[in-house]
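I opened my notebook beside the model and went through it one spot at a time. Here is what I looked up, in the order I took it.

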Amino acid sequence: MKIAILSRNKKLYSTRRLKEAGEAMGHEVDIIDTLHCYMDITSTRSAVRYHGKELPKYDAIIPRIGASVTFYGTAVARQFEMMGTFNINESVAISRSRDKLRSLQLLSRKGLGLPRTGFASKPDNAKDLIKNVGGAPVVIKLLEGTQGIGVVLADTAKSAEAIIEAFMGLNANILVQEFIKEAGGADIRCLVIGGKVVAAMKRQGAEGEFRSNLHRGGSAEVVKLSKAERDTAVSAAKAMGLNMCGVDLLRSQNGPMVMEVNSSPGLEGIEKATGKNV
């Protein structure tokens, strides 16, 4: 097959590994910088142009679209879809997963385990918002944050109110979530491909850090999943409409809880932790 990987950096581990694996299987794989694509939109023959030339017909695309370029990246992916190219993660599913609030609402509708979450527009709702998710400590998250940036743990109701008021004063959209203490600063990243969990790792936050992101100094190790955890990860991917994604779970006293579904998960950490060729 002729495959295009939409990625802004061909040197990134995940992009490089996908190209290597595709070529090892006999496919022709091109890496295309998403932001250098531009679209020719007509009613008779749509096209994607790149560096002054029309791109050839691809059988499939693998979008590796970062959060900062979601709007333009999904527009490019959508253009390929309009041309009949198979997209491993459809543009609408990527957009759905990037909206943290919408994601939680969709997961909630499917009855999946979630930390209790509040969302409000005005700071005069702060007290009830905090109370409604179980009281302090609470986790406050920027809707647009990635890699642990914009995620704050407020130990007391007073500090939570102050943080909420500060964020809202900047017109930032935030979520207030129940803090799952028993998770111990760890989460589980499940890599789901084609409706199956192909690899999983436990990520542990650095000493004194409640966020487990590897970008923030966390460590990773292989983990054995329970049936409930495996089923939850697969159901979360299905609810988002994603064929390939990373599902982040917390181990709580009430069973597995979904933290986030990532439509463009990094492959380096999970390959190194599990020793698997994902």
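**Entry 1: T15.** I began with T15, which sits in helix 1 (residues 13-24). Helices here are DSSP runs of H or I with at least four residues, strands are runs of E with at least two, and both are numbered from the N terminus. A note to myself on the source: this is a predicted model, where local features need pLDDT of at least 70 and side-chain atom pairs count only at pLDDT 80 or more, while totals for chains, interfaces and linings use all residues. Residues are numbered from 1 along each chain as its sequence is written, and side-chain values use heavy atoms, with hydrogens and water left out.

Is T15 buried or exposed? I found that T15 is buried, because its relative accessible area is 1% (buried means under 20%, exposed over 50%, partly exposed in between, with a 1.4 Å probe and protein chains only). Its side chain makes a polar contact of 2.8 Å with the side chain of S7. A polar contact is a pair of N or O atoms within 3.5 Å; within protein, one must be able to donate a hydrogen and the other to accept it, and residues adjacent in sequence count only if both atoms are side-chain atoms. Setting aside neighbours within four places in sequence, I listed I5, S7, N9, K10 and I31 as the contacts of T15 (contact means heavy atoms within 4.5 Å).

**Entry 2: domains.** I noted domain 1 (2-88), domain 2 (117-179) and domain 3 (182-274); such bounds come from an automatic or database domain assignment. The C-alpha centres of domain 1 and domain 2 are 37 Å apart.

**Entry 3: helices 3, 4 and 7.** Which residues of helix 3 (residues 91-98) are buried? They are S91, A93, I94, R96 and S97. Their cover includes helix 2 (70-82), helix 4, helix 7 and strand 16 (255-262).

Next I looked at helix 4 (residues 100-109) against helix 7 (residues 227-240): their axes come within 10 Å and cross at roughly 115 degrees. Axes are lines fitted to C-alpha atoms, for helices over the stretch in contact, and angles run from 0 to 180 degrees between N-to-C directions. On the helix 4 side I wrote down S103, L106 and L107, which meet A236, A239 and M240 of helix 7. By class, this contact has five nonpolar, one polar and no charged residues (Ala, Val, Leu, Ile, Met, Phe, Trp, Tyr, Cys and Pro count as nonpolar, Asp, Glu, Lys and Arg as charged, and the others, Gly among them, as polar).

Entry 4: Most residues other than glycine have a negative phi, and most peptide bonds are trans. A136 and P137 are joined by a cis peptide bond, with omega about 0 degrees. P137 is in the loop between helix 5 (126-132) and strand 9 (138-142).

H51 has a positive phi near 50 degrees, in the loop between strand 4 (47-50) and strand 5 (53-54). H51 is exposed, at 55% relative accessibility. N171 also has a positive phi, about 60 degrees, and lies in the loop between helix 6 (157-169) and strand 11 (174-178). N171 counts as exposed because its relative accessibility is 71%.

**Entry 5: K272.** I finished in helix 8 (residues 268-274), where K272 lies. K272 is exposed, with a relative accessible area of 60%, and its side chain makes a polar contact of 2.7 Å with the side chain of E268. K272 and V222 are 50 residues apart in sequence, yet 9.2 Å apart in space, C-alpha to C-alpha.
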